[in-house]
Amino acid sequence: MKINPVKALSDNYIWVIEEGEDAVVVDPGESDGVLSYLEERQLKLNAILLTHKHHDHVDGLEGVLEKYPNMPVYGPVETQSLVTQVMKDGDQFTLLGRDVEVAKTAGHSEEHISYLMDEHLLCGDALFSAGCGRVFTKDYQAQFDALAYFNSLDSQVKVYAGHEYTETNLRFAKSVDPSNVDIKRALEEVEELREKDKPTLPSTIEREKRINLFLQAETLEAFKKLRDNRDQF
């Protein structure tokens with residue numbers, strides 16, 4: 001199985017999960033790029049996964065469905081007008097011959113979900129490399145609970161986030177913890193990748209536990225303070 005990014009909008013990634021000639025698309029924020037990707041590689045689309053309803057993750061859905069009508073679309077209850085199957089925390093299903101587990105990872109949106117497919121985490125805007133999503137809902141407890149879920153995953157799980165925010169997140173992390181060697185080294189690596197216009201994702205849970213200050217927050221109060229400071233950075 002391969003998972004490749006399709007760049008979209010200013011900094012989004014639409015992830016394409018590939019198994020042989022079959023494919024699943026995650027969070028199509030726009031349609032042109034992902035349709036070209038599928039056509040150029042002669043991939044057969046099997047399903048579409050949505051993590052939440054924000055426009056930069058769903059606005060391309062209509063265009064994809066025009067090309068691939070009657071396609072199964074999975075997503076949380078907040079996307080129920082867009083999907084064929086509403087998914088909730090604890091649901092399990094099979095795609096491309098692989099087991100998929102659904103976890104509610106709210107906070108960024110009311111019903112945000114993430115998909116764990118073997119050792120691959122499709123987490124939308126709930127978790128970024130060295131960061132997490134803005135808590136637009138103001139439900140900091142929900143986002144803190146989502147971080148606890150991410151912390152519980154096996155260290156080798158790969159993290160496929162919805163945006164290329166890693167460099168800015170690491171600059172913030174360095175400003176908070178300037179003596180952290182792991183963060184300093186990660187920032188140097190990421191700067192080199194971005195200079196070459198290469199993606200910094202996927203990451204891993206093991207790496208995130210070392211460089212992601214949000215995963216390291218021990219209390220809700222500490223997390224909220226960190227998130228508020230990041231919002232102002």
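Ile3 finds its bridge partner in Ile17 of strand S2. The two strands involved, S1 (residues 2–8) and S2 (residues 12–19), run antiparallel and pair over seven bridges; pairing here takes at least two DSSP bridges between two strands. Strands themselves are DSSP runs (E, at least two residues), helices are runs of H or I with at least four residues, and both are numbered from the N terminus. Three residues sit between the strands of this hairpin, where Leu9 takes a positive phi near 50 degrees.

The structure is a predicted model, so local features need pLDDT of at least 70 and side-chain atom pairs count only at pLDDT 80 or more, while totals for chains, interfaces and linings use all residues. Residue numbers start from 1 along each chain as its sequence is written, and side-chain values use heavy atoms, with hydrogens and water left out.

Next comes a sheet. Strands of a sheet pair through backbone hydrogen bonds, either parallel or antiparallel. Here six strands make up an open sheet with mixed pairing, in the order S7-S8-S9-S10-S13-S14. Its edges are S7 (92–95) and S14, each of which pairs on one side only. Within the sheet, S10 (residues 120–124) and S13 (residues 158–161) pair in the parallel sense over four bridges, and Gly124 has Ala161 of S13 as its bridge partner. Helix H4 (residues 140–152) lies across S8 (98–104), S9 (113–117) and S10, at about 165 degrees to S10. That angle is taken between N-to-C directions on a scale from 0 to 180 degrees, with axes fitted to C-alpha atoms, for helices over the stretch in contact; contact means heavy atoms within 4.5 Å.

Most residues other than glycine have a negative phi, and most peptide bonds are trans. Asp27 counts as buried because its relative accessibility is 4%, whereas Asn70, at 80%, counts as exposed. The cut-offs are under 20% relative accessible area for buried and over 50% for exposed (1.4 Å probe, protein chains only), with partly exposed in between.

Finally, the peptide bond joining Leu201 and Pro202 is cis, with omega about 5 degrees. Pro202 belongs to the loop between helix H6 (181–195) and strand S14 (203–204).
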